[in-house]
Each structure stands twice: as structure tokens, then as C-alpha cells.
Amino acid sequence: MTTRTASPDERCSGLTFRPNCDVSDRGDEVVFVADMPGARADTIDVTFEDGVLSLHAAVTPRELPGRAVRQEYGIGDYRRSFRLGEGFDGARIAADYARGVLTVRVPRLAAVLPRRVEVRAG
């Protein structure tokens, strides 16, 4: 069997991956769940500007114990953007990262939430 270890330049190929993402509308907020395995919380950037939510995570090459016989996982950054438009509260966006999954909650502005108007009897 012939084995070959990828050089650091090959492992850091500058690839960019588009993470798979589930999006759910919960009425008062929109929740994004993105797969970003191999990222670390301190390398993830979540930004909201001009109605666009952007997700970015820098991933560094992993070090394998011993001599690598085969490396199949591509190493690269994650990037994904979503146009939400107006009506969202960028100051209250919350993000959590656990077990390779990024969860971002984007609340709607209170002014755009539907509300029930009480009708009083005269």
C-alpha cells in the first residue's frame, strides 16, 4: 500500500464551503441552524448589515495523531449569507455553537410583529 501525507499547503487549499443550513420561522424570530464541523467558536463571525445575515467560520487544518495514511476531509472556511430585509432586530441577534452546529436566532422588531387588538364593548 502506498501512503502519502498531504503537505500543509494542500491541506490549507483555501477552499470555501457553503454549510448546510435549516431555517425556521417561529413568528417572533427566525432561527438558522448551520453545520460547521471543525470550526471553533472563537473563529466564527456572525454579522447583520443592511438586512443581510452573514455567517463565516475559519477552519484550520486538524492535526492527526501519528502519521496520516489518508486525509479525505477538505479544509477550508465556511461562508453563507441570507437576505432577510427589514423588520429584524440586529442588536438582539444571539448565536450559539456546540458540537459542530451553529444556531443563530434573529428576532423580529416588535413594531412588525402581528398583534391582537382588544375590542371593548361600548
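Biologist: How many residues are in the protein chain, and what share counts as buried?
Modeller: The protein chain has 122 residues, and 30% of them count as buried. Keep in mind that this is a predicted model.

Biologist: And the accessible surface, what does that come to?
Modeller: About 8900 Å² for the protein chain, with 48% of that belonging to carbon and sulfur atoms.

Biologist: What's the secondary structure?
Modeller: There is 1 helix, and there are 8 strands. Along the sequence the pattern reads α-β-β-β-β-β-β-β-β.

Biologist: Which strands form the open sheet, and in what order?
Modeller: The sheet has 4 strands, ordered β1-β6-β5-β4, with mixed pairing. Its edge strands are β1 and β4, the latter covering 44-49, and each of them pairs on one side only.

Biologist: How much are neighbouring strands turned against each other there?
Modeller: By 20° on average, ignoring direction.

Biologist: Back to β1 and β6. Parallel or antiparallel?
Modeller: β1 and β6 run parallel, and 3 bridges join them. As for a specific residue, T16 has D77 in β6 as its bridge partner.

Biologist: What holds strands of a sheet together in general?
Modeller: Backbone hydrogen bonds, in either a parallel or an antiparallel arrangement.

Biologist: Switching to side chains. How many aromatic pairs does a search of the whole structure find?
Modeller: The search finds 2. One of them is F17 with Y78, whose ring centres are 6.2 Å apart.

Biologist: Where do F17 and Y78 lie?
Modeller: F17 is in strand β1, residues 15-17, and Y78 is in strand β6, residues 76-83. The two parts are 61 residues apart in sequence, so the pair ties them together across that separation.

Biologist: Is F17 buried or partly exposed?
Modeller: F17 is partly exposed, at a relative accessible area of 29%. Y78 counts as buried because its relative accessibility is 10%, and the limit for buried is under 20%.

Biologist: What about the rings of F32 and F82?
Modeller: Their centres are 4.8 Å apart and their planes are at 45°, so this pair is tilted. F32 sits in strand β3, residues 29-35, and F82 in strand β6, 50 residues apart, which makes it a link between distant parts of the chain.

Biologist: F32 and F82, buried or exposed?
Modeller: Both F32 and F82 are buried.

Biologist: Last one. What share of the contacts with a separation of 6 or more comes from residues 24 or more positions apart?
Modeller: In the protein chain, that share is 58%.

Methods:
Residues are numbered from 1 along each chain as its sequence is written. This is a predicted model: local features need pLDDT of at least 70, side-chain atom pairs count only at pLDDT 80 or more; totals for chains, interfaces and linings use all residues. Side-chain values use heavy atoms; hydrogens and water are left out. Rings of Phe, Tyr and Trp (its six-membered ring) pair if their centres lie within 6.5 Å; planes under 30 degrees apart count as stacked, over 60 as edge-to-face and the rest as tilted. Buried means under 20% relative accessible area, exposed over 50%, partly exposed in between (1.4 Å probe, protein chains only). Contact means heavy atoms within 4.5 Å. Accessible areas come from the Shrake-Rupley method with a 1.4 Å probe; for residues, only the protein chains shown count as cover. Two strands pair if DSSP finds at least two bridges between them. Axes are lines fitted to C-alpha atoms, for helices over the stretch in contact, and angles run from 0 to 180 degrees between N-to-C directions.
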